[in-house]
Amino acid sequence: MAQAKILWVDDEIESLQSQKIFLESKGYSIQTVTNGFDAIDFVKENQVDVVLMDESMPGISGLETLAKIKEINRQLPVVLITKNETENLMNDAIGSQISDYLIKPVNPNQVLLSLKKILDNKKLISEKTTTAYQQQFRELFMVLNSKPDFQEWISVYKKLIYWELEMEKSDSNEMLEVLQLQKSEANTEFSKFISNHYLSWLQSKSSAKPILSHTLMQQKVLPFLEKEVPLFFILIDNLRFDQWKAIEPIFIQNFRIVEEECFYSILPTTTQYARNSILSGLLPVDIAAQFPNEWKNDEEEVGKNLHEETFLRSQLHRLGKGNLKVSFTKIVNNQAGINLVNNVHNLLHNDLNVVVYNFVDMLSHARTEMEVLKELASDEISYRSITQSWFEHSPLYQALKKIAGKNIRIVLATDHGSIKVKKACKVVGDKQTTTNLRYKHGRNLSYEAKEVLAFRNPQEAGLPGPSINSSYIFAKEDGYLCYPNNYNHFANYYRNTFQHGGVSLEEMIVPVIKMASK
């Protein structure tokens with residue numbers, strides 16, 4: 001590894017020779033100059049990793065030199081060393097973007113620590129992260145092989161996301177590859193787990209099952225209601241747990257996290273099924289039976305989520321909450337978001353405000369269709385980054401900031417997540433077979449049994465059967481379903497895009513977060 005190049009600027013540099021020798025013994029290359037003018041010229045003509053600079057020098061001060069250096073290279077770290085501890089000087093120095101501040105007399109270890117913080121911080125974090133993950137890797141491996149239950153699967157997924165975010169900070173590419181392999185292995189085991197337990201969850205009256213989409217409001221949202229405290233139930237479409245972690249720091253500037261949990265999205269993990277299920281408190285087969293005019297099947301060429309408010313009010317009435325003062329707001333474009341910002345204070349008069357926000361799902365679908373977005377959201381890290389940037393500048397966040405000082409409560413949740421698909425799976429079906437890449441239903445489906453989770457009797461899976469002999473299949477892990485016609489074209493076109501509808505940790509284990517005013 002190349003030596004870090006340090007420029008030390010001090011008009012009394014001769015008195016610092018012992019410190020220079022000490023730092024050189026630690027592997028640093030030290031160049032010295034005695035005034036600010038020479039420092040500026042040196043930075044112009046040479047590569048420098050850090051500048052150590054005395055503040056009080058004849059001719060041109062340290063702060064003046066600092067300003068000139070920042071004009072040449074804004075990213076160059078500068079450590080200011082001074083006898084002067086006045087508050088104004090410190091404010092000026094910090095305002096000028098110094099990286100550290102040392103008070104004379106300094107000893108060699110102080111300078112060494114400052115350099116390590118600046119130059120070796122990422123390396124030290126990476127080494128620590130790698131060591132910690134190696135220990136956790138063994139624990140996760142043992143858990144994956146011990147047939148985890150639904151609660152343990154949530155814990156496994158949260159730990160995988162935790163390490164993914166830590167690896168992102170530490171820039172440890174080798175260990176990130178190991179983690180991705182472990183995540184892939186976890187998804188393989190999770191698909192087996194869902195295949196073995198999903199139907200029993202739907203049919204069991206026992207409490208020993210996860211919170212599912214159709215029980216979310218009853219179990220997590222309505223119990224958080226408090227008299228005379230407005231509750232905002234914010235449903236952001238297609239928000240994965242890692243995307244929640246990306247926007248969490250923005251929330252905690254104004255709100256206190258009361259509880260961070262996950263629940264399981266029903267299958268198919270799509271807006272049409274999962275979100276309608278959340279708002280109605282019913283499985284899709286029951287929505288279709290109780291609301292035959294409102295429920296629309298996949299093949300019908302109409303909007304599938306046009307009756308969410310009707311479903312919501314029906315659920316509240318059924319649960320004995322029909323007397324609540326309730327609002328329902330759906331944000332599908334920027335103008336609707338602006339209207340929310342302008343109207344949010346009026347919502348404080350309600351007991352429950354349900355806000356459905358569609359942006360992340362639109363981003364996922366747009367990414368498939370637009371080459372620019374494919375570049376911007378090429379991987380998990382950039383997908384999280386775009387979500388964070390969107391939320392920070394979104395009308396939703398602007399609206400929440402306007403009421404942050406009020407006594408309110410928030411439940412933030414989603415309907416499903418998404419997964420980056422990599423493996424094309426061939427499926428044959430008739431003309432009525434649906435086009436979704438992560439699930440399909442229809443008659444006479446032909447497929448590779450090991451690649452999908454199949455329900456030949458839709459009703460037992462809580463799903464309506466649009467026609468006799470209709471069955472559902474769901475892609476597992478990172479697979480996506482393609483027809484034989486133009487197979488290679490579509491396989492290549494959709495590979496490495498974010499899709500949803502199937503069985504994976506990312507799609508099914510999704511966040512539900514309780515927050516309160518600070």
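**View 1. Strands β10 and β19 pair in the antiparallel sense.** β10 spans residues 409–413 and meets β19 through 5 bridges. L412 has I513 of β19 as its bridge partner. Strands count as paired if DSSP finds at least two bridges between them. Strands (E, at least two residues) and helices (H or I, at least four) are DSSP runs, numbered from the N terminus. This is a predicted model: local features need pLDDT of at least 70, side-chain atom pairs count only at pLDDT 80 or more, and totals for chains, interfaces and linings use all residues. Residues are numbered from 1 along each chain as its sequence is written, and side-chain values use heavy atoms, without hydrogens and water.

**View 2. Strand β7 also pairs with β19.** β7 covers residues 255–264. The two strands run antiparallel over 9 bridges. Here E259 stands opposite K514 of β19.

**View 3. β19 is largely enclosed by the rest of the structure, because 9 of its 9 residues are buried.** The strand spans residues 509–517. Buried means under 20% relative accessible area (1.4 Å probe, protein chains only).

**View 4. The structure holds 1 cavity of 30 Å³ or more.** A cavity is a set of points on a 1 Å grid over the protein atoms alone, where a 1.4 Å probe fits but cannot get out. The largest cavity has a volume of about 50 Å³, taken as the space filled by probe spheres set on the points, which are joined across faces, edges and corners.

**View 5. Helix α17 gives the most to the lining of the largest cavity, with 3 residues.** Lining residues have an atom within 4 Å of a point. Both α17 (395–402) and β6 (231–236) supply at least two. Among the lining residues are F232, I234, L396 and L400. The lining divides into 9 nonpolar, no polar and no charged residues.

Terms used. On a 1 Å grid over the protein atoms alone, a cavity is a set of points where a 1.4 Å probe fits but cannot get out, and a pocket is an open set with protein on both sides within 12 Å along at least five of seven lines; lining residues have an atom within 4 Å of a point. Ala, Val, Leu, Ile, Met, Phe, Trp, Tyr, Cys and Pro count as nonpolar, Asp, Glu, Lys and Arg as charged, and the others, Gly among them, as polar. Buried means under 20% relative accessible area, exposed over 50%, partly exposed in between (1.4 Å probe, protein chains only).
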